[in-house]
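User: I am new to this protein and would like to go through it in short questions. Please keep the answers plain.

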Amino acid sequence: MTHKGRIISAVALTALGLGLTACNDGEDSSSAQESPSASAPASSDPAGESPSADPSDDAAAPAGGDVAAPGTKLKIGDRAILPFKYGTEKKGTVAVTVTAIEKGAEADMAAFGAKAKGMTPYYIRMKVENVGGTDLAYSSLRLRGKLEGGAPTGVILIGDLPGKCDNESAPGEFTTKGASYETCSLSATKTEPIAAASFEEGDAYSDSPVIWTN
C-alpha cells in the first residue's frame, strides 16, 4: 500500500491534534492551506496498524538496563532504553541507538512537490533493539529532528524518501529479546540546520524528550 507524503506545519499540527490521518481532499480551503498534501512514496505497514508509535509509562518492564529518564541528553552513537507502545496491542521496551544525522540535498525533497521548495532534508539513522522480548513485529518508530538548542523545525513530514531515508517497519521476527533492525526518520528545515534527534512519544516524553546530539 502506497501513501502520499505530506508536509504539515507545526501550527496545523496543534490545530488538528491527533487527526493527521484524517487529512484528505475533502478538507475546507483553510485546512488545506495549513496541511497541504504532496506526493511522495512511503513505506507500507504490513501489520495494518496505526503508523505512529504511542509509548506509555506502563510498557513492559525494562530488561538489559534502566529506562532513560525523560530529558536525558545523549550523543550520537549512544543507546537509550525506552518504553514503547504501538497501536493498541503491541507494548514493550526497546533500545534506540542514533547512528547518524545526515544532511541531504534540497533536490532530494522534489518528491514532496512545490511545498517542499527551500527545505533541506536530514536523515536520522538509527538501530532499534527489542529489549523486553515482547512481540513488536511490524511496529514502527520515528524520531523527530530538532534545531540547535532543542527548538522544533516547524515542519512535519509524513512519508519517507525511498533509497535515501526509508522508514522501515520492524521485521516479523522482531518478537524476541535481542532482535534488532535499522531504520531512518526523515526530517526537514527551512531555517537553521537540524542538530539533534528526539524521542518524544508518550506522556512522560512529550514535554521532556530524550535528545541525541553530535
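The questions below go from the whole chain to its sheets and then to single residues.

User: What kind of model is this, and how are its residues numbered?

Analyst: This is a predicted model, in which local features need pLDDT of at least 70, side-chain atom pairs count only at pLDDT 80 or more, and totals for chains, interfaces and linings use all residues. Side-chain values use heavy atoms, with hydrogens and water left out, and residues are numbered along each chain as its sequence is written, from 1.

User: How many helices and strands are there, and in what pattern?

Analyst: Helices (H or I, at least four residues) and strands (E, at least two) are DSSP runs, numbered from the N terminus. The protein has 3 helices and 10 strands. Along the sequence the pattern is β-α-α-β-β-β-β-β-β-β-β-α-β.

User: What share of the residues is buried?

Analyst: Buried means under 20% relative accessible area, exposed over 50%, and partly exposed in between (1.4 Å probe, protein chains only). Of the 214 residues in the protein, the buried share is 43%.

User: Among contacts between residues at least 6 apart in sequence, how many join residues at least 24 apart?

Analyst: A contact means heavy atoms within 4.5 Å. Among the contacts between residues at least 6 apart in sequence, the share that joins residues at least 24 apart is 73%.

User: What is the order of the open sheet of 4 strands with mixed pairing, and which strands stand at its edges?

Analyst: The order is β2-β10-β9-β6, with mixed pairing. At the edges each strand has a single partner strand, so one side of each is left without a neighbour in the sheet; these strands are β2 and β6.

User: Which residue in β10 is the bridge partner of K75, and which is that of A196?

Analyst: K75 has T213 as its bridge partner in β10. A196, which is the bridge partner of K146 in β9, is paired in β10 with T213.

User: Are C165 and C184 buried or exposed, and is their link left-handed or right-handed?

Analyst: Both C165 and C184 are buried. With -100° about the S-S bond, their link is left-handed.

User: Which residues form the aromatic pairs?

Analyst: Rings of Phe, Tyr and Trp (its six-membered ring) pair if their centres lie within 6.5 Å; planes under 30 degrees apart count as stacked, over 60 as edge-to-face and the rest as tilted. The structure holds 2 such pairs. One is edge-to-face, at 5.1 Å centre to centre and 90° between the planes: F174 and Y181. The other is edge-to-face too, at 5.3 Å and 75°: F199 and Y205.

User: Which residues are in contact with A170, leaving aside its neighbours within four places in sequence?

Analyst: A170 is found in the loop between β7 and β8, and at 3% relative accessibility it counts as buried. Its contacts are L136, A137, Y138, S139 and Y181.

User: What is the phi of Y138, and is Y138 buried or partly exposed?

Analyst: Y138 is found in the loop between β5 (120-130) and β6 (144-147). Although Y138 is not a glycine, its phi is positive, at about 65°. With a relative accessible area of 34%, Y138 is partly exposed.

Conventions: A disulfide is a pair of cysteine sulfur atoms within 2.5 Å. Two strands pair if DSSP finds at least two bridges between them.
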